[in-house]
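Open the model in your viewer and get ready to click around. We'll go stop by stop.

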Amino acid sequence: MKMTWRWFGEGNDSISLQYIKQIPGVEGIVWSLHDIPAGEKWPEERIKATVNQITAAGFNAEVVESVNIHDAIKIGLPERDQYIDNYIDTIEKLAKYGVKVICYNFMPVFDWVRTDLYRQDEDGSNALFYEKALAERNPKELIADVLKGAGEFTMPGWEPERLASIEQLFDAYSEVDEDTLTENCRYFLERIMPSCEKHGLKMAVHPDDPPWPIYGLPRIVRSAEHIRKYLKLVDSPCNGLTFCTGSLGASGENDLLSMASEFHDRIHFAHLRNLKRNEQGDFIERSHRTEDGDVNLTGLVRLFHEKGFEGYLRPDHGRHIWGEEKTCRPGYGLYDRALGVMYLMGLWDAFKKESKNETE
Ligand code: CS2
Ligand code: MN
């Protein structure tokens, strides 16, 4: 297991690389060029500069998260080939600078969806919250609320320019059902896989968050059955999975332990976090500790350890605690994620010691 930390880049993150270096055990920075619009080629100079900055600070830069996929590819428009060529160009450049895993998603229109970015919890902390009844009210209001909550921070998958024409986007997706989206995904994967295989670079699709269709838009990475199908679209180790417990775990129907066990050899990246569901289908994000939520992180870390997981792992969203609300990007503050790292490392180290039968 290689512990990593998501960092949004110089001038775009409230946390410095120097601070991250003070969190024990973090080996790698999960990075991206967040200002490059989906579909455009990533400039080599920018890739080089970012990788150099990360390695100079003492981290590896082997995981990139959010090389976003242009809607034309998901919808299956004629211009998709041009956008896929651009994507391949970016893959080639990232491989050249040592990137081993790309985390991306194949969700139409929205990346993750929440209805409140600062829901107060019982202990006075606050966290991202999803209220099922509110989520489907009206996409314009939802977008306005999320962007307002984010303040000056950009949020991947919530580009104001793209979402400004939400009606046209919905129209463009009107003919895209689950089968069409799956076939468009297969087309994309078949085109990019030769480059990935040539470089041994692993694509790791992020599950749908939350794992059910929203506004009638199809979602195809949300259950064991969907993931089984997805991994067979191209049956290659380079077509892999980001195992995000907070996304998959928002549905009580997903048995995370059995999914991790079934797909472990295709899991290249793990996002481990906890949440608490209620009967209405709402959920709030919680501390990483197993007993604070519905996700059995203890069992999952044990399983990853037993399977000899050699991929990358990161704490995912954290709560906002100790007054950091609004000073950080929602879900990506310093304190709770640092606590998450220590909790996950603590579990890992305990299982490691136990398996070696070391008592000292
Ligand atoms: C992330 C996702 O913040 C998050 O919830 O786990 O947004 C993830 O980065 C994207 O889906 C990957 O494209
Ligand atoms: Mn995630």
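How do the residues of the shell around ligand 1 divide into nonpolar, polar and charged? There are 5 nonpolar, 5 polar and 4 charged ones. (Ala, Val, Leu, Ile, Met, Phe, Trp, Tyr, Cys and Pro count as nonpolar, Asp, Glu, Lys and Arg as charged, and the others, Gly among them, as polar.)

Quick housekeeping: this is a predicted model, where local features need pLDDT of at least 70 and side-chain atom pairs count only at pLDDT 80 or more, while totals for chains, interfaces and linings use all residues. Residues are numbered from 1 along each chain as its sequence is written, and chains are lettered from A and ligands numbered from 1 in the order in which they are written.

Stay at ligand 1 and select S66, N105, D111, W112 and H206: they are the closest of the 14 residues that surround it (C-beta atom, placed from the backbone, within 6 Å).

Now colour the strands (DSSP runs of E, at least two residues). You'll find 8 of them closing into a barrel, in the order β1-β2-β3-β4-β7-β8-β9-β12, with parallel pairing (strands pair if DSSP finds at least two bridges between them). Zoom in on β2 (residues 28-31) and β3 (residues 60-65), which pair over 3 bridges. Here V30 stands opposite V63 in β3.

Next, pick F243 in strand β8 (residues 239-244). F243 counts as buried because 28 other C-beta atoms lie within 10 Å (the cut-off is 20 or more, with C-beta atoms placed from the backbone). Its contacts include A260, I267 and A270, not counting residues up to four places away in sequence (contact: C-beta atoms, placed from the backbone, within 7 Å).

Key
Helix = DSSP H or I, 4+ residues; strand = E, 2+ residues; numbered from the N terminus. Buried ≥ 20, exposed ≤ 12 C-beta atoms within 10 Å, placed from the backbone. Contact = placed C-beta atoms within 7 Å.
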